[in-house]
Amino acid sequence: MLLTALASIIFVSVLEDESIVTAQSSEQVNSAESVSQLWQQIKSSLRRRNQIQHIMIRKDQIDSLLGLANRAIPNLSGQAELRNFRSELALSYRMPDTPFGHYINIKIAVNAGQKLQIDSVTLGYIHIPGDWALKMILFLADWHTDSDIASQFVEQIEKVRLFESSVVVTFLPLSDFLKQLNKLKDGLSVDQNQPLKIRTAYYMKFISRLSVTRKASFPSLSEYMKPLFSDVQIRSIDSDPVLENEAAILALAIYAGHHRLANLVGDVQPSNGMVLLPDYRPLLAGRIDLTRHFLISAAIKILSQQGVSNAIGEFKELMDRGLGGSGFSFVDLAADMAGVRFALLASDPNTANQVQTLLANVSAENEYFPDVSGLPEGLDKSTFLKVFGTVDSNAYKAQVELIESRLNKVRLFSASNYAIQE
């Protein structure tokens with residue numbers, strides 16, 4: 001009783017009437033293309049894991065990632081204020097309306113110097129010394145993963161330098177840390193996803209034996225869907241149809257989307273040390289890239305949440321507006337959105353069996369994939385800004401609504417056939 005009362009007092013103390021974040025996510029993601037440069041830095045660091053690494057994160061990259069977080073989790077917003085020697089990260093989470101306030105506001109102040117130095121954490125009206133806060137965060141993270149991986153990561157940070165437009169973090173060689181991270185990942189996948197892993201491995205082997213894999217031309221994705229989901233139907237007689245659907249989608253996404261998705265599931269390849277890849281990748285609307293967008297978005301949905309999946313797809317297109325990118329594509333975005341809807345229906349107990357029935361008897365792509373003709377694509381940043389402005393503009397929303405209307409006409413997604421449970 002006393003603990004409940006104390007928890008209630010603390011909860012009320014952290015609630016405030018207004019958000020401390022003033023940034024708009026639509027403006028923050030306007031520099032999404034800058035994140036590709038950060039990603040290249042990270043990949044280079046992983047390749048040179050036996051050396052000391054210096055990762056520079058620019059203000060526009062931080063803003064873009066915070067904007068992505070807000071679009072993935074609408075109730076969560078954030079902004080960063082960078083200054084020489086001391087910087088602050090502000091986060092705000094909107095709660096359901098209460099008499100005591102609407103927002104949980106968190107402000108984290110970080111100092112430049114050796115190792116990671118948190119100066120202070122402010123939670124509503126509660127002020128917590130930085131060293132206490134860091135120890136608490138690391139304790140909870142280590143406890144949750146039943147490891148000391150969070151503490152090890154912080155120990156890898158040798159120095160933090162703060163400037164008005166960037167943060168530079170110096171890491172000690174990451175080789176040993178990455179080995180420990182892989183051990184942890186493998187352990188978690190075994191403990192938490194064993195049934196899904198086993199079923200995905202089965203469907204990977206099933207796909208490898210399909211006659212379409214030996215076809216000397218680019219097949220339609222439907223040539224995989226029909227036999228795969230015919231088998232899924234049979235397996236679901238004595239099994240959970242949701243589990244079977246999810247495993248089949250993950251197997252197809254690993255095979256025809258990207259083989260590295262297997263890292264999120266476990267060891268599912270049919271042959272040890274070998275990656276199953278198609279000689280001729282399956283097509284949607286005559287394009288390989290749309291198959292990959294469709295399947296990878298479906299896989300991300302299964303392994304995460306719908307809002308996250310949509311936000312990642314949108315953010316990827318915004319990144320492509322930069323130099324060297326393919327440009328923003330509403331066609332790709334339509335494929336992403338279709339993949340999310342597909343996974344949403346396939347993983348819903350109310351619609352899992354109907355999805356199997358349709359795909360086991362599919363005769364054309366338009367039964368599960370929308371019309372993408374006439375949708376704008378290949379837009380560089382200047383053209384995108386001129387025509388659409390931000391991702392909250394009426395022009396942008398009109399294109400998304402057009403895609404939604406086309407999705408609603410697809411047999412698999414038709415509201416008249418299935419009641420989608422959000």
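How many helices and strands are there in the protein?

**Figure 1. Overall view of the predicted model.** The protein contains 16 helices and 10 strands. Of its 422 residues, 46% are buried. The accessible surface amounts to about 21,300 Å², with 57% of this area belonging to carbon and sulfur atoms. When contacts between residues at least 6 apart in sequence are considered, 68% join residues at least 24 apart.

**Figure 2. Close-up of the largest nonpolar core.** This core comprises 74 residues. Met225, Phe294, Phe330, Phe342 and Tyr368 are the members that touch the most other members. A separate core of 16 residues lies apart from it and includes Leu38, Ile55, Ile149 and Phe171.

**Figure 3. Surroundings of Phe294.** Neighbours within four places in sequence are left aside in this view. Phe294 is in contact with Leu221, Met225 and Leu284, and also with Ala335, Ala338, Gly339 and Phe342. Tyr368 and Phe369 complete the set of contacting residues. Among these partners, Met225, Phe342 and Tyr368 are, like Phe294 itself, among the core residues that touch the most other members.

**Figure 4. Packing of helix H10 with helix H13.** Helix H10 spans residues 241-256 and helix H13 spans residues 330-346. Their axes come within 9 Å and cross at roughly 150°. Because angles over 145 degrees count as roughly antiparallel, H10 and H13 are therefore roughly antiparallel to each other. H10 contributes Val242, Asn245 and Ile249 to the contact, while H13 contributes Phe342, Ala343 and Ala346. The residues of this contact comprise 5 nonpolar, 1 polar and no charged.

How values were computed
Residues numbered from 1 in each chain as written. Predicted model: local features only at pLDDT ≥ 70, side-chain atom pairs only at ≥ 80, totals over all residues. Heavy atoms only, no water. Core = buried A, V, L, I, M, F, W, Y, C linked by side-chain atoms within 4.5 Å. Buried < 20%, exposed > 50% of the residue type's maximum accessible area, 1.4 Å probe, protein only. Contact = heavy atoms within 4.5 Å. Axes fitted to C-alpha atoms, helices over the stretch in contact; angles between N-to-C directions. Helix = DSSP H or I, 4+ residues; strand = E, 2+ residues; numbered from the N terminus. Parallel < 35°, antiparallel > 145°, perpendicular 65-115°, else oblique. Nonpolar A, V, L, I, M, F, W, Y, C, P; charged D, E, K, R; others polar. Areas by Shrake-Rupley, 256 points an atom, 1.4 Å probe, with all protein chains shown as cover.
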